[in-house]
Amino acid sequence: MSDRSRNRENPLGSQPINRLLVRFAVPSIIAMLVSALYNIVDQFYIGRSVGILGNAATNVAFPLTITCTAVSLMCGIGGAANFNLSMGRGKRDEAVRYAGNAIMLLFSIGVLLCLTVRLFLRPMMVLFGATPDVLDYSLTYTGITSLGFPFLILTTGGSNLIRADGSPRFSMLCTLTGAVLNTILDPLFIFTFHMGMAGAALATIIGQIISGIMVIAYLCRFKTVKLTLKALVPSPEHCRAILSLGMAPCFNQLAMMIVQIVMNNILRYYGAQSNYGSEIPLACAGIITKVNMIFFSLVIGLSQGLQPIVSFNYGAAKYKRVRESYLKAAVIATTISTCSFLCFQLFPRQIIRIFGSGSEEYYHFAEQYFRIFLFFTFLNGIQPITANFFTSIGKAKKGIFISLTRQILFLLPLIIILPMFFGIDGVMYSAPVADLTAAALAVVFMTREMRGMKGRQGAD
């Protein structure tokens, strides 16, 4: 069978884009949404049992969760993009090697990260912004959740490979199963067994372990190719290609982690100089960050569902389908972003109350943070979709640059500089400026790329 015949038979190259987006993006969105709910569920029950200090502790621990996501996306999206690009070009043997090497990278880095956190737990928590009152809570929570890192990384990264293999629903099921278990076990361990922070952490890793086992079971029986033991042997060439295409989503997450760590310390420092104190800003920012992660999980899920469609068709030189896929995904992302913006502006107090009660200062700070920090949320779908698009078509450098614009180039300097002039309010004003500028740059880069593809399509 010729490569062209194989490409025509593959639904990624022939089915209508709308149908493909529904098939791949919806399960991916649900999986990412459920993954974000891991943290939200813990935050909900901890807020209603331990209180503000418990919420602050989960905020301090959150950079490690972001690190796990970064590693997962680097190896998972990098492996999946190379897999689909190779399949689109008809190079099945190469596709197998990319899938196998991605699996080994996910597992190896997961174990390494777990061991590193176990060895340096206390200094990490202090570095991440824990105050003396919060430290013990963060040590308990992170000490247990770190044991689930290998399974969390394998689940999140492996889900991308499962989608690339044409099974988006099973990918969703893996994440959904773990989240449902976590939701059931959280109140049981926290309230029935009175385990507090330890109970929330234990419920989380049990769900992650079950999800990881389901991913492993699927990866042993790929549908479109036969995964051999030889494919699992690390190859420097294939690992470099995986890491290259996975760097954009990875750097985006690492940038979020760095910003989160700096922001925690800034909130602690300037909060102590304000009427709020250190703990209220830490607790509020932690809750709002995780609520915002629900919005981001929708957009990231959409971009992950877009990836196999774009990668295959770009590899097969079907540029019209590539352009159509991006534009439709961008419209959906903007719609999601606008709905999120309206919720954050209209119902901030109602949202924050879900996670427990607090003083009037607590609610006042949370309302301000929601409305100012997240003011340009309606633009925030463009940048991650565009960054992942460039990764999906093999243009890693552009993907990396766009992924770093909001967090590193704009937000990080602003959250350091503006509080020097405006105190703790400066943290809030930094995000709208970063969001607007990052979205504008993404539009410029994407416009140029669209013109280039249109020219190539006409030449063909």
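Leaving out neighbours up to four places along the sequence, Pro-187 is in contact with Tyr-45 and Thr-192. That's our way into this predicted model.

- Pro-187 sits in helix α8.
- Is Pro-187 buried or exposed, or something in between? Its relative accessibility is 22%, so Pro-187 counts as partly exposed; the cut-off for buried is under 20%.
- Pro-187 and Ile-46 are 141 residues apart along the chain, yet their C-alpha atoms are separated by 9.5 Å.

**Helices α11 and α12**

- To describe two packed helices, you give the angle between their axes and the distance between those axes.
- For α11 (residues 236–272) and α12 (residues 279–315), the angle is about 160° and the axes are 10 Å apart.
- That angle makes α11 roughly antiparallel to α12, because anything over 145 degrees counts that way.
- The crossing of α11 past α12 is right-handed.
- On the α11 side, the contact is made by Gln-253, Met-256, Gln-260, Asn-264, Leu-267 and Gly-271.
- On the α12 side, the partners are Pro-281, Leu-282, Ala-285, Thr-289, Met-293 and Ile-300.
- What kinds of residues make up the contact of α11 with α12? Seven are nonpolar, five are polar and none is charged.
- Here's a handy bit of background: an α-helix has 3.6 residues a turn, so residues three or four places apart point the same way.

- Gly-277 is found in the loop between α11 and α12.
- With a relative accessible area of 23%, Gly-277 is partly exposed.
- Setting aside residues up to four places away in sequence, Gly-277 touches Gly-271 and Ala-272.
- Gly-277 and Tyr-362 are 85 residues apart along the chain, and 9.9 Å separates their C-alpha atoms.

**Helix α15**

- Tyr-362 is one of the buried residues of α15, a helix that covers residues 360–373.
- How far does α15 reach from its first C-alpha to its last? Its 14 residues reach 19 Å, close to the 20 Å expected at 1.5 Å a residue.
- The buried residues of α15 also include Tyr-363, Phe-365, Ala-366, Glu-367, Tyr-369, Phe-370, Ile-372 and Phe-373.

**Helices α6 and α9**

- Helix α6 (residues 132–145) packs against helix α9 (residues 196–219) at an angle of about 20°, with the two axes 8 Å apart.
- That makes α6 roughly parallel to α9, because the cut-off for this label is under 35 degrees.
- The crossing of α6 and α9 is right-handed.
- From α6, Tyr-137, Thr-140, Tyr-141, Ile-144 and Thr-145 take part in the contact.
- They meet Met-197, Ala-198, Ala-200, Ala-201, Leu-202, Thr-204, Ile-205 and Gln-208 in α9.
- Sorted by class, the contact of α6 with α9 has nine nonpolar residues, four polar ones and no charged ones.

**Helices α3 and α16**

- Helix α3 (residues 52–88) and helix α16 (residues 382–392) cross at roughly 50°, and their axes come within 9 Å.
- α3 and α16 are therefore oblique to each other.
- Ile-77, Ala-81 and Leu-85 of α3 make this contact with Asn-388, Thr-391 and Ser-392 of α16.
- The contact of α3 with α16 splits into three nonpolar residues, three polar residues and no charged residues.

**Two residues with positive phi**

- His-194 isn't a glycine, but its phi is positive, near 55°.
- Where is His-194? It lies in the loop between α8 (168–192) and α9.
- His-194 has 68% relative accessibility, so it counts as exposed; that label needs over 50%.
- Ala-317 also has a positive phi, near 60°, in a residue other than glycine.
- The loop between α12 and α13 (319–346) is where you'll find Ala-317.
- Ala-317 counts as partly exposed, at 34% relative accessibility.

**Ile-332 in α13**

- Ile-332 belongs to helix α13.
- At 34% relative accessibility, Ile-332 counts as partly exposed.

Methods:
Residues are numbered from 1 along each chain as its sequence is written. This is a predicted model: local features need pLDDT of at least 70, side-chain atom pairs count only at pLDDT 80 or more; totals for chains, interfaces and linings use all residues. Side-chain values use heavy atoms; hydrogens and water are left out. Axes are lines fitted to C-alpha atoms, for helices over the stretch in contact, and angles run from 0 to 180 degrees between N-to-C directions. Helices (H or I, at least four residues) and strands (E, at least two) are DSSP runs, numbered from the N terminus. Angles under 35 degrees count as roughly parallel, over 145 as roughly antiparallel, 65 to 115 as roughly perpendicular and the rest as oblique. A crossing is left-handed if the near helix is turned anticlockwise from the far one by less than a right angle, and right-handed if clockwise. Contact means heavy atoms within 4.5 Å. Ala, Val, Leu, Ile, Met, Phe, Trp, Tyr, Cys and Pro count as nonpolar, Asp, Glu, Lys and Arg as charged, and the others, Gly among them, as polar. Buried means under 20% relative accessible area, exposed over 50%, partly exposed in between (1.4 Å probe, protein chains only). The expected span of a helix is 1.5 Å times one less than its number of residues.
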